[in-house]
Amino acid sequence: MIGRRTPASPGSHERHDREELARLLPPPADQDLPYEQHLRHKELLMHRIDRDQDAADSRTRDAQPARRWLRPAVLAPATALALACALTAGIALSGDDGRPADTARHGAATDMQPAAALLHRISDAAQQRRAPTVRDDQFLYTREKARDAELTGGKAKIGPLKTRESWAAQQPGPLHKLGLVRVDGETLPINAELGDTEGTPAGINRPTYRWLSSLPTDPDKLLDKLYAETPRPEGGTLDERERDQAVFEQIGYLLGGVMPPDTGAALYRAAAKIPGVERAPRAHDAVGRQGLGIARDDKRHGIRTEWVFDKKDFSFLGSRSYLTEDTGYGKAGTLLSSTAELEHAVVDKAGRRPGGTGERAGTAHRS
């Protein structure tokens, strides 16, 4: 399996770990790290674009009625559950406040194995980046390249690489209009999440910069909060591995975009505490940039999710997800989604690209 080492003798295994951990130790204190953090900002509510409006209201809504986009950072509420519907006779999302009582088990990955060591280095780099000023009347801008699979025909059919831009409103809410998304030049509104008749407030499903800044920065307390608030399926009890996967995916979603440095650092250290997180040595993003990979497998649904980071400054490059087992949706190795982060910024108006008066553009990664 990707990211796992082949067995070796105890002595060589220990030497290999020592060498790898030595390579992952933080650089000397006088080494500068860049301030700009190139993390993705994912739009969970893109899945709900104009879903509450008549599909015949306009040509664009006719062209994309309730399209379901598979996002690697939100596989728990998207890809994994879409597959679960077919594989396990249907599961619906609901909120749940119950994290397993035995929280000590979630420290199993903190023994500085290679994945945890890498996440700690990424955390240190994130914490040293400059905190932007984000007002409640502004928007967080993201530009990325992405490929997504369609499941409507019963098979996972990956689409072409597209340019995607989004503008996420930062008002605490609740809001009925949450921003805009533009895909290859076609612009659509992002409406309140399905069922939020009074509007969607800032929170885990709409993480504004202010809300992210309010999260605990102690990794254990943050992990407790994520286990309590991450949506989970109803109609059955999830085993521990599945719940861990859902929280891993939720962290990936929250890590996107313009991020408070302390919160970003805490999220990476929280991810290091989730059992099953491992290195992914061949990880690459949607435009083929290879980097340092962090991954976790959803054993029940046969899906692997990978995050990709720049080898030099540990900035976030993108992510991908694919099948690890043969399923009704495709063979092992079938790509489900892939992204490449290009630019993040704070802007004053939805639909406006960075560069205007009073707007701050993030440094873009380019292939």
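Predicted model: local features only at pLDDT ≥ 70, side-chain atom pairs only at ≥ 80, totals over all residues.
**Exercise 1.** Find how many residues of strand E12 are buried, and say what follows.

Solution. 
Step 1. Strand E12 covers residues 335–347.
Step 2. Apply the cut-off: a residue is buried when its relative accessible area is under 20%.
Step 3. Of the 13 residues in E12, 12 are buried, so the strand is largely enclosed by the rest of the structure.

**Exercise 2.** Describe the largest nonpolar core and the place of Leu 267 in it.

Solution. 
Step 1. This core has 36 residues, and those touching the most other members are Leu 226, Ile 251, Leu 267, Ile 274, Ile 294, Trp 307 and Phe 309.
Step 2. Elements giving two or more residues to the core include helix H4 (114–127), helix H8 (261–271) and strand E9 (292–298). H4 gives the most, with seven residues.
Step 3. Leaving out residues up to four places away in sequence, Leu 267 touches Leu 222, Leu 226, Ile 251, Leu 254, Leu 255 and Met 259.
Step 4. A second, separate core has 12 residues, among them Tyr 141, Leu 188, Ala 345 and Val 347.

**Exercise 3.** Decide whether H8 is mostly covered or mostly uncovered.

Solution. 
Step 1. Nine of the 11 residues of H8 are buried, and the helix is mostly covered.
Step 2. The buried residues include Pro 261, Gly 264, Leu 267 and Tyr 268.

Definitions and conventions
Residues numbered from 1 in each chain as written. Heavy atoms only, no water. Core = buried A, V, L, I, M, F, W, Y, C linked by side-chain atoms within 4.5 Å. Buried < 20%, exposed > 50% of the residue type's maximum accessible area, 1.4 Å probe, protein only. Helix = DSSP H or I, 4+ residues; strand = E, 2+ residues; numbered from the N terminus. Contact = heavy atoms within 4.5 Å.
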